[in-house]
Structures are given as structure tokens and as C-alpha cells.
Amino acid sequence: MTTIQLRKIDKYYGSVHVVKDLNLEIADREFLVLLGPSGCGKTTTMRMIAGLEHPSAGEIAFDGDRINELGPQDRDVAMVFQNYGLYPHMNVTQNIAYPLKLRGVPVAERQRRVNEAAARVELTPYLARMPRELSGGQRQRVALARSIVRQPKVFLMDEPLSNLDAKLRVVARAQIKHLTQELGVTTVYVTHDQIEAMTLASRVAVMQDGEIRQIGTPEQIYNDPADTFVASFIGSPAMNLLSVQADAHGRCTCDGRPLAVTAPAPGAWTLGVRCEDLRLCSAEESAFSTEVYTFELLGDCTMATALVDGRMLAVKAGKDTRLKTGAPMHLAVDPDRLYWFDAGSGLRHR
Amino acid sequence: MQASSTVAQSSIPGYRTPLQERVLQALRQALVLAGISSIVLPILWMMLTAFKLPRDVYSLDSALVFTPTLENLVTIFQHPWNLGSKALNSVLVASGTVLLAVPMATLAAYAFSRLEFRFKKALFLTVIASQFIPGAVVVLPYFLMFKELGMLDTRSALVLINLSIVLPYAVWMIKGFIDAVPIEMEESAMVDGAQRWRVLWEIVVPVALPGIITAAVFSFTLTWNEFLFALILGKQDALTLPLGLIGFRTERGDLWELMAAGGLLITAPMFLLSLLVHRQFIGSLTAGAVR
């Protein structure tokens with residue numbers, strides 16, 4: 001039962017302001033993902049929760065009790081590092097048992113819990129091996145086992161899957177999701193991979209330049225982005241963003257071509273639309289016409305891309321669709337599926 | 001076709017014909033051989049001379065072929081040479097220095113590597129710079145200091161003075177190895193619940209052990225071979241092996257065969273030590289190259 005509170009957190013490295021007035025409440029048993037590009041302050045935020053960095057200002061609390069002054073040893077958190085942080089001179093058993101050894105758990109009990117944790121992540125056959133004799137995926141599981149061998153207040157995971165290949169990542173992701181749900185421990189997970197964020201999180205905090213741009217469930221972040229940054233960061237491919245000019249009647253043009261949608265007000269806008277919300281259609285019902293820049297087969301679907309105003313405009317189409325490069329492409333769109341952003345600030349118009 | 005390709009090849013800058021290549025190769029090998037000989041031959045000469053009778057030392061006929069004797073190795077332990085007590089002094093001084101230097105250097109190196117404190121850079125530079133002061137410059141202050149303390153001709157004085165010589169080297173060497181220990185390993189241990197002392201003892205030291213052993217061997221060698229301070233501070237009780245060698249320059253001339261036997265006594269432990277730690281040493285030199 002642990003809640004985490006971050007109140008008015010600032011972090012400076014010299015004159016660089018890496019985390020800016022950050023406020024965050026993490027509920028008990030919640031799986032919160034800090035998502036953002038590198039350098040956005042997400043890892044620093046996690047390291048401050050772990051006690052490995054100290055905030056320049058603000059307060060960190062577990063269950064309402066301030067823990068700023070506690071070292072990482074005394075916060076009862078478990079952390080999985082990006083490169084696992086295994087102890088190279090200890091075998092797998094010793095690695096997993098180390099947190100228990102530090103807590104003076106008797107040897108027999110230690111062994112029992114190591115076996116249990118190892119079984120959970122399918123490491124039992126490798127207990128006697130040294131870390132250097134393990135594959136990347138196995139090392140990652142040792143790090144995971146070491147963090148679950150005791151019941152910490154909080155799990156912290158710093159891009160734990162980033163060193164794995166794509167296939168293994170999917171398996172490990174499922175494993176992490178299953179484990180954290182089963183153990184019911186509050187988890188903070190840092191990643192720059194939006195798919196990890198979408199699949200794992202109960203809530204996602206999207207960060208940029210040391211600030212949280214939006215926080216919400218994966219559905220909210222995906223379907224209701226607060227600004228162009230969030231919209232373009234979430235989704236694969238990212239949301240299409242078009243620079244649009246609207247006249248006094250709200251009639252729009254894009255890249256000098258008419259665009260049959262109505263803007264909320266005259267002026268410059270950034271129009272967002274997801275690739276799956278665009279539909280290939282005939283010239284008559286078209287809202288916007290352009291030419292095919294590239295066409296890709298993805299197996300279960302196809303992806304047509306146009307180059308509009310220097311930006312890629314991706315359109316998801318049926319698996320049997322075939323288009324040639326340079327061919328005309330007519331697009332229809334549901335007005336309810338359009339996102340209007342202020343062209344200057346990038347903020348969503350609601 | 002062939003002619004044109006030869007022309008093309010020889011016009012490439014730096015191109016050499018096979019003959020030129022072979023001559024160059026031979027020259028290179030000769031150079032390397034000369035280099036190795038300049039190091040190995042004196043040692044070989046010393047090892048042979050240690051087993052020669054005085055009459056064989058200067059004779060070219062018996063340079064390589066002679067009747068070996070163990071007499072020299074016995075004589076050097078007898079009166080008036082008494083290399084036995086000097087060897088004991090050397091062992092005690094070198095071991096004492098290493099036993100003190102390694103833990104101290106490890107702690108200092110860890111602090112310089114991982115902790116943030118004021119004047120850290122300046123302090124570290126001072127430690128390194130202290131090595132550039134020639135021993136001869138400070139030997140007089142040391143002499144006066146130990147005289148005041150009543151520590152002249154004691155092994156403790158030699159340990160202290162050697163400590164001042166080897167510590168900076170050891171700190172610098174071990175710091176390099178601790179720098180190479182990934183910080184995540186330490187952070188991981190701290191999050192697991194380890195206080196800094198345990199992190200240092202259970203994580204950093206074992207991982208940096210090859211480097212620490214290297215530093216220990218280096219310190220031992222440095223102390224074992226130290227001559228100047230032992231000469232100035234020692235008189236009778238705290239003489240070390242290198243000083244023992246001067247004794248063989250007598251009014252009767254230089255007793256080369258005894259000096260060589262003494263030399264053997266000095267170098268043999270170093271040889272054994274280097275054999276013992278050879279693997280560790282090589283490992284530590286390449287550690288961190290590939291992870």
C-alpha cells in the first residue's frame with residue numbers, strides 16, 4: 001500500500017533546469033509510465049523517487065510522509081536499471097539474494113525466496129551461472145527477479161526493455177505486466193517507447209523539456225491529446241499534423257489546395273488526424289486530394305503516404321488496396337475525428 | 001597486362017616490392033632482437049655469474065660454460081654480508097607498505113572517483129604532482145624529521161617513507177579501475193539496501209580487484225627496489241636488500257659473483273610474484289576494453 005507524491009519538484013544540473021515544477025500523484029498499485037524523448041527529465045524524475053538524485057526544490061513523499069532526506073537504502077524501493085546493474089562477481093542466485101542478504105534474511109529463507117522469484121521469471125535452470133554467461137534477456141530477468149524477491153513499496157523500472165531485441169521485448173513486456181499486476185506494487189516505469197507506455201500503463205505521463213505535457217490513461221492520451229507534442233509522440237505512425245489556413249468562413253486550404261473541413265475560427269491552425277481515421281475514397285466524395293509518395297504493405301493492412309507541405313501524411317488502408325507512387329489519392333475524413341491545435345502554441349482547441 | 005599492373009602498383013604511394021618488404025621485415029626483427037637483448041642479457045649475465053667461482057667471473061672462456069657452484073648463495077647469508085636479515089627487512093618493509101597502502105589508496109581512489117567534494121580536482125592533481133618531486137630533494141627533510149622522532153634506522157620509518165612514494169601511484173591506478181566500474185552497479189546495490197561501506201566492500205572492491213592487485217604488486221615492487229631513502233635513513237638495523245649490494249664493493253675490489261647472487265636474491269621474488277599475478281595483471285590491463 002504505497003502512494004507517491006511529487007510536489008513542486010525542480011531539478012537543476014548546474015544552470016540546466018531539467019525538471020520544472022513537477023507535480024505528480026501516483027496512486028497505490030498504479031502502473032505509471034513516464035514517457036518522453038531522451039533528455040525530457042523522465043529518468044531524472046525516477047532517480048529522484050529512488051533517492052539516487054536529490055531534487056533542487058520540492059518534496060517527495062511516500063504515503064504522505066516526506067522522504068527527501070532518506071537515502072536510496074532506506075526508501076524500500078526496487079529498481080530495474082536500463083543495463084540491469086547486475087553484480088558481475090556474483091552468480092544469479094547471489095544476485096537475486098543480495099537485497100535479502102542486506103536485510104539479514106536467514107540463508108534458508110533466502111534460498112526459498114530466490115527459488116520462488118527465479119521460478120516466476122523462468123530463471124531456475126540458470127541459478128548457478130554468472131551474469132556474463134547469460135543472454136541479454138536472461139540478464140534482464142535476473143534484474144527483474146532481484147526486484148521482486150522482496151516486497152518493496154515501489155517498483156522503479158528505467159527502460160528495462162531497451163536493450164532487448166524486438167521479439168524478446170514483446171515477451172518481456174507481457175511478463176512485466178503480468179508480474180506487476182500479480183504483485184500489486186505501485187510501479188513507475190520510464191520509457192521513450194510509446195507502445196510500451198500504451199500496453200503497460202494504467203496512466204501515462206508524457207514529458208517534454210522537464211514538464212509533464214499530459215497525464216492520463218493510455219486511451220485519453222491517444223484519443224484526446226492535449227497538444228501537438230503529445231499527439232505526435234503517441235501512436236505508430238504518429239498523428240498526421242497539417243498546417244491549415246482558414247478563411248473568415250472557416251473554409252480551409254492546406255499546401256495551397258482546398259481542404260473540405262471547417263475550422264473552428266479563421267486563421268492558421270494545425271490540423272491533426274490519425275492515419276486510421278483517413279479513408280481512401282473517390283474524387284467526388286474527397287475532402288482532400290494529393291498524390292501517393294510511397295505505398296507500403298504491412299501484412300494486415302497497407303499504408304499510403306503523401307507528402308503535404310513538407311510533412312508526411314499517412315493513411316491506413318485495407319490489406320488488398322494497391323496504389324502506385326505518383327497516383328492521385330483522394331481522402332475522406334470524419335469531422336468528429338479531427339483535432340484542431342493552435343498553430344502557434346500547439347495547444348488543443350476544445 | 002602484367003606490366004601495366006606493375007606500373008600501376010609501384011605508382012601507389014608507399015608501395016613496396018616483395019624484396020623490399022622482406023628486407024624491411026628483417027630489419028624490424030633485428031631491431032626488436034637488439035631491444036630484447038639489451039634487457040635480457042644483463043639479467044642472464046647476473047644469473048650465470050651468481051653460480052660462478054671468482055676465477056670464472058672475468059674469464060671469457062667460462063662466460064657460458066663453467067662449473068656451477070652454490071657457494072655464493074651461501075656466502076651472502078654469512079658474516080659480514082648477512083643478506084638474510086636484510087632480506088627480512090625488505091620483506092617486512094615492502095609487505096608493511098603494501099598492507100597499509102592498498103586499503104588507504106582504495107578508499108582515497110573511491111572518494112576521488114565517486115564522491116563530490118570541494119577542491120577535488122586540485123587535491124587529486126596535488127597527489128599526482130607529488131610524484132614529480134625527485135626523492136633527493138626531500139630526503140634531507142625526511143632525514144631530519146625522522147631524526148627528531150628518533151626513528152632513524154627503523155623499519156617503521158622506511159614503511160612511512162615508502163608509503164609516501166607508493167600511495168599516489170596506487171591512488172591513481174586504483175582510481176582508474178574504479179572509474180571503469182559502471183555506476184549502475186553501485187546504485188543498484190544502494191537501492192537494494194546497501195550502505196556506502198557495504199557497496200564499497202561487497203561491490204566495488206571485488207569488481208575492481210584486478211586493478212587493486214595490480215596496484216599492490218606495483219607498490220610492492222617499488223618498495224622492494226627502493227634504494228635512496230633506505231640508504232639515508234638506514235644504518236645497521238633497517239638495511240634492505242638493495243643496500244646489501246653496496247657491501248660487495250670492498251677494498252679487495254668488486255665481488256661480482258656475490259653481487260650477482262645478491263641480485264638474484266632481489267629479483268627472484270619479483271619473478272615469482274610476477275608469475276603468480278601474471279594472469280591477473282593481463283586481465284586488468286585489458287579490463288573494460290570489451291564489456
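In the predicted model, Ala246(A) stands opposite Cys252(A) in strand E12 of chain A. Strands here are DSSP runs of E with at least two residues, helices are runs of H or I with at least four residues, and both are numbered from the N terminus. E12 (residues 251-254) pairs with strand E11 of chain A in the antiparallel sense over two bridges, where pairing requires that DSSP finds at least two bridges between the strands. E11(A) and E12(A) form a hairpin with four residues between them. In the turn, Gly250(A) has a positive phi of about 85 degrees. E11 (residues 240-246) also pairs with strand E14 (residues 267-273) of chain A, in the antiparallel sense and over seven bridges. In this pairing Leu242(A) is placed opposite Leu271(A).

Residues are numbered from 1 along each chain as its sequence is written, while chains are lettered from A and ligands numbered from 1 in the order in which they are written. Because the model is predicted, local features need pLDDT of at least 70 and side-chain atom pairs count only at pLDDT 80 or more, whereas totals for chains, interfaces and linings use all residues.

An open sheet of three strands in chain A has the order E17-E18-E19, with antiparallel pairing. Its edge strands, each pairing on one side only, are E17 (294-297) and E19 (311-317). The twist averages 20 degrees from one strand to the next, with axes taken as lines fitted to C-alpha atoms, for helices over the stretch in contact, and angles running from 0 to 180 degrees between N-to-C directions. Strand E18 (residues 302-308) and E19(A) are joined by seven bridges, and Ala304(A) lies opposite Val315(A) in E19(A).

Chain A as a whole has eight helices and 21 strands. Its C-alpha atoms fill a box of roughly 75 × 45 × 35 Å along the principal axes. Of its 350 residues, 41% count as buried; a residue is buried if 20 or more other C-beta atoms lie within 10 Å of its own, exposed if 12 or fewer, and partly exposed in between, with C-beta atoms placed from the backbone. Among contacts in chain A between residues at least 6 apart in sequence, 65% join residues at least 24 apart, a contact being two C-beta atoms, placed from the backbone, within 7 Å.

The contact between the chains takes 13 residues from chain B and 17 residues from chain A. On the side of chain B that touches chain A, the elements giving two or more residues are helix H9 (183-192) and helix H10 (196-207). H9(B) gives the most, with seven residues.

The largest nonpolar core has 146 residues; such a core is a set of buried Ala, Val, Leu, Ile, Met, Phe, Trp, Tyr and Cys residues joined through C-beta atoms within 7 Å. Ala145(A), Leu156(A), Ala105(B), Ala170(B) and Ile174(B) touch the most other members. Helix H8 (residues 155-179) of chain B provides the largest share of this core, 14 residues. Not counting residues up to four places away in sequence, Ala170(B) touches Ala101(B), Val102(B), Ala105(B), Ala215(B) and Ser219(B). Helix H11 (residues 209-225) of chain B has 17 residues, and its buried residues include Ala215(B), Ser219(B), Phe220(B) and Trp224(B). A second, separate core of 13 residues includes Ile76(B), Leu255(B), Ala260(B) and Leu265(B).

Key: Expected span 1.5 Å × (residues − 1).
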